[in-house]
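User: I would like to learn how to read a predicted protein model, feature by feature. Please take the general idea and then the case at hand.

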Amino acid sequence: MKKLYLTLLLLTFNLSAQEIYASFFVKAYEDATLAFNAGGIIKKINADVSHSVKKGALLAELHNEDTKALMGIAKADVDKAEITLKYAQRDYEREQKVKHLVDEARFDTFALAYESAKASLQSAKANLSYREALYKKTTLYAPFDGVIYEKNAEVGDAVTEMSPKSIFKIQSQNRRKLILEFDQKYWSAVKVGQTFKYKIDGDVSEHLGVISKVYPHVNEQNRKLIAEVEVKEFLVGLFGDGYIVTDSKK
């Protein structure tokens, strides 16, 4: 009896489900083109094509000795301003305790010194932030864990701020996404969470995935809708086709 029930349940599912044809190609889940946001001469290149890199890894650097020196001076100015503020605040708080016993002009002198010290520290910190921003423009870091798939520069090459040059192209190491295209008439049938049964061209193996995103517009050139399925490991650029399994006939 139980076996008969399961058979009927499976039959009911097959009758109510609909399979919608979709073709796809494989893209990296994350993909970025990296370029310096400053002009100069390349001093270091720490990565090459096919290198796996971690997020935050230093990939390349311009000659930036002058920028580093100015950043060091700015850091010293912040340290000095913090010490000045520390003593100015101490003097101010001490004068507050005896304010009723001292001349008002004397108290104002300490209050002014305290406010001036606070303003100086803010200014020093702003200058340090500016110098750090200039320094960051002379370095390239990996924006995510990934693999370098294109390199377009060598040590000694010149780059300009007005016309940034692509230094690296990086893509996620293993994370991929299938970009599905299917007929627009199924716009109301395909939804996030539905199963996608597919094969890579040239491979007889069938794979299963889940719709993770449905684009909210139709491609004007081919009148197709687009959806995504997150996968792993496949080579970027591969293509194939399959069927989206919907919940019911539309």
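Analyst: Strands of a sheet pair through backbone hydrogen bonds, either parallel or antiparallel. In this predicted model, four strands form an open sheet in the order S6-S5-S3-S8, with antiparallel pairing. Strands (E, at least two residues) and helices (H or I, at least four) are DSSP runs, numbered from the N terminus; two strands pair if DSSP finds at least two bridges between them.

User: Which are the edge strands?

Analyst: S6 (139–141) and S8 (158–159) are the edge strands, as each pairs on one side only. S6 pairs with S5 in the antiparallel sense over three bridges.

User: What is the bridge partner of Glu-61 in S6, and is Glu-61 buried or exposed?

Analyst: The partner is Thr-139. Glu-61 lies in strand S5 and counts as buried because its relative accessibility is 3%; buried means under 20% relative accessible area, exposed over 50%, and partly exposed in between (1.4 Å probe, protein chains only). Contact means heavy atoms within 4.5 Å. Beyond its neighbours within four places in sequence, Glu-61 is in contact with several residues, among them Phe-36, Lys-43, Lys-44, Lys-68 and Tyr-135.

User: How many residues does the largest nonpolar core have?

Analyst: A nonpolar core is a set of buried Ala, Val, Leu, Ile, Met, Phe, Trp, Tyr and Cys residues joined through side-chain atoms within 4.5 Å. The largest one here has 20 residues, and Phe-36, Ile-42, Leu-59, Ile-167, Phe-168 and Ile-170 have the most contacts inside it. Strands S2 (31–35), S3, S5 (58–62) and S9 (166–172) each give two or more residues to this core. A second, separate core of 19 residues includes Ile-20, Ala-22, Phe-196 and Leu-225. Phe-168, leaving aside neighbours within four places in sequence, is in contact with residues including Ala-32, Leu-34, Ile-45, Leu-59, Leu-140 and Ile-148.

User: How should I read a positive phi?

Analyst: Most residues other than glycine have a negative phi. Ser-50, in the loop between S3 (40–45) and S4 (52–53), has a phi near 80°. Ser-50 counts as exposed because its relative accessibility is 52%. Glu-233 also has a phi near 80° and sits in the loop between S13 and S14 (239–246); the relative accessible area of Glu-233 is 57%, so Glu-233 is exposed.

User: Where is Asn-222, and what does its side chain reach?

Analyst: Asn-222 is in the loop between S12 (207–218) and S13 (224–232). Its side chain reaches the backbone nitrogen of Lys-224 at 3.0 Å. With a relative accessible area of 33%, Asn-222 is partly exposed.

User: Which conventions apply?

Analyst: Residues are numbered from 1 along each chain as its sequence is written, and side-chain values use heavy atoms, without hydrogens and water. Local features need pLDDT of at least 70 and side-chain atom pairs count only at pLDDT 80 or more, while totals for chains, interfaces and linings use all residues.

Definitions and conventions: Polar contact = N/O pair within 3.5 Å; in protein donor to acceptor, adjacent residues only side chain to side chain.
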